[in-house]
Amino acid sequence: MIDKILNYKNLTKNELANIKQEIMQSNDARLMFLYLYFIDHEHLEDISMKILKTGNLRYIHFLLRSFKVTNYANIIEYILININDAKYLYNILYDVDYLDNNYRLQIINKIITLNDNKYLLKAIYYYFIILNLYDEELFDKMQTLCQSLFKITINKDNYKAILDNLIHQKIVDPKGFSPNYYEGRNGHIPHLIVCHINNTYASAINHFYDEKSQVSSHYVIRQDGHIKQVVSLDNSAYANGTSLNENSDVYYKFASSPLISNVKDNANYFTFSIEYESFDGSLTDKQINSSLKVIKEIIKYLKDKYNYDFPIDKEHIIGHNEVNPLVRTKCPGSNFPYDKIIYQLKS
Ligand SMILES: [Zn+2]
């Protein structure tokens with residue numbers, strides 16, 4: 001079925017109608033989403049309600065994140081009633097950028113009731129700093145929370161700086177490389193640079209050095225421009241995994257970059273990954289400078305080791321969303337300055 005969906009252009013009208021009927025009767029949220037994503041955006045509202053009915057939270061999240069669903073109020077109300085997982089709620093707040101302010105506040109208020117400080121802090125930071133919104137009632141709650149959780153008194157003059165400090169906690173870099181990598185490149189010459197974001201440097205580093213997380217990237221670049229190399233360029237980081245199994249959400253053929261979808265292997269083997277500390281893809285000038293430094297290092301490495309001339313263009317410097325468009329829709333985010341980086345690399 002997946003191959004039929006991906007090759008829908010070669011199907012007759014009848015075959016397409018049959019596929020649609022089969023999928024809509026299946027109660028399978030994943031197939032409905034894939035059908036919507038690859039073939040039929042026109043019936044967004046109908047199919048959205050069908051996906052909601054399945055109760056499949058993963059695809060309800062994917063649906064809201066990938067499409068501007070007009071009828072989203074039904075879905076958010078379902079989420080507000082049924083979800084008691086602060087991480088899920090935060091992801092909805094963060095990923096669904098067309099939410100009405102009233103729903104944003106309802107989601108944050110629900111997170112407040114769940115006592116998960118990590119996602120509460122992220123939600124508040126996202127609301128007040130990244131979205132640059134203000135709500136008096138939420139401000140009062142935040143004041144009380146900061147006092148009880150962190151023994152910090154905030155007011156209208158200092159709250160931005162304090163939230164910034166709280167979210168960007170300082171950590172000492174671990175020594176050496178992460179345990180999360182594959183040895184070597186499985187016979188490939190790595191030839192793509194994939195850009196990622198992580199909300200904070202500390203969470204990226206903590207994750208990448210935790211063997212249980214099974215994630216890593218070659219470099220992490222902090223807001224202040226500090227660079228930490230996490231995986232040797234000789235090895236494959238666990239950053240852009242694609243799967244050959246079509247039942248996986250990271251099936252390699254889903255990639256929108258043909259340089260990924262045409263190579264029948266795990267994309268980690270033939271990519272380099274750079275993780276930037278950012279919420280929405282925008283980078284500081286210092287991060288851009290560090291980025292140029294790191295990419296030049298990669299280019300030199302490829303020339304020295306493989307005599308390969310890395311093409312400096314948008315086809316070869318891509319986003320995680322082009323590797324895994326279903327799962328990593330907002331990595332590295334719409335503000336990511338590809339043009340600036342490519343232009344400066346070339347000059
Ligand atoms: Zn990513």
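Predicted model: local features only at pLDDT ≥ 70, side-chain atom pairs only at ≥ 80, totals over all residues.

Two packed helices are described by the angle between their axes and the distance between the axes. For α9 and helix α11 (residues 159-167), the axes come within 10 Å and cross at roughly 140 degrees. With an angle over 145 needed to count as roughly antiparallel, α9 and α11 are therefore oblique to each other. Their crossing is left-handed. From α9, the contact draws on Leu121, Ile124, Tyr125, Phe128 and Ile129, while α11 brings Tyr159, Lys160, Leu163, Asp164, Leu166 and Ile167. Sorted by class, this contact of α9 with α11 holds nine nonpolar and two charged residues, and no polar ones.

Now look at another helix pair. How many degrees lie between helix α5 (residues 57-66) and helix α7 (residues 86-95)? The angle is about 15 degrees, and the axes are 9 Å apart. Angles under 35 degrees count as roughly parallel, so α5 and α7 are described as roughly parallel to each other. The crossing of α5 and α7 is right-handed. Leu57, His61, Leu64 and Arg65 on α5 meet Tyr88, Asn91, Ile92 and Asp95 on α7. The contact of α5 with α7 includes four nonpolar, two polar and two charged residues.

Next comes the sheet. Five strands form an open sheet in the order β4-β3-β6-β2-β7, and the pairing is mixed. At the edges stand β4 (227-229) and β7 (317-319); each has a single partner strand, so one side of each lacks a neighbour in the sheet. From one strand to the next, the twist averages 25 degrees. Strands of a sheet pair through backbone hydrogen bonds, either parallel or antiparallel. Strand β2 (residues 192-198) and strand β6 (residues 271-277) pair in the parallel sense, over seven bridges. To find your place in this pair, look for Ile193, which stands opposite Phe272 in β6. Helix α14 (residues 285-306) packs on the sheet, where it touches β2, β3 (219-221), β4 and β6. The direction of α14 makes about 160 degrees with that of β3.

Finally, two backbone details deserve a look. Most residues other than glycine have a negative phi, and most peptide bonds are trans. Where does Asn132 sit? Asn132 is in the loop between α9 and α10 (136-150). Although Asn132 is not a glycine, its phi is positive, at about 55 degrees. The other detail involves Cys331 and Pro332, which are joined by a cis peptide bond with omega of about 5 degrees. Pro332 belongs to the loop between α15 (320-323) and α16 (338-346).

Definitions and conventions: Residues numbered from 1 in each chain as written. Axes fitted to C-alpha atoms, helices over the stretch in contact; angles between N-to-C directions. Helix = DSSP H or I, 4+ residues; strand = E, 2+ residues; numbered from the N terminus. Parallel < 35°, antiparallel > 145°, perpendicular 65-115°, else oblique. Left-handed = near helix turned anticlockwise from the far one by under 90°. Contact = placed C-beta atoms within 7 Å. Nonpolar A, V, L, I, M, F, W, Y, C, P; charged D, E, K, R; others polar. Pairing = 2+ DSSP bridges.
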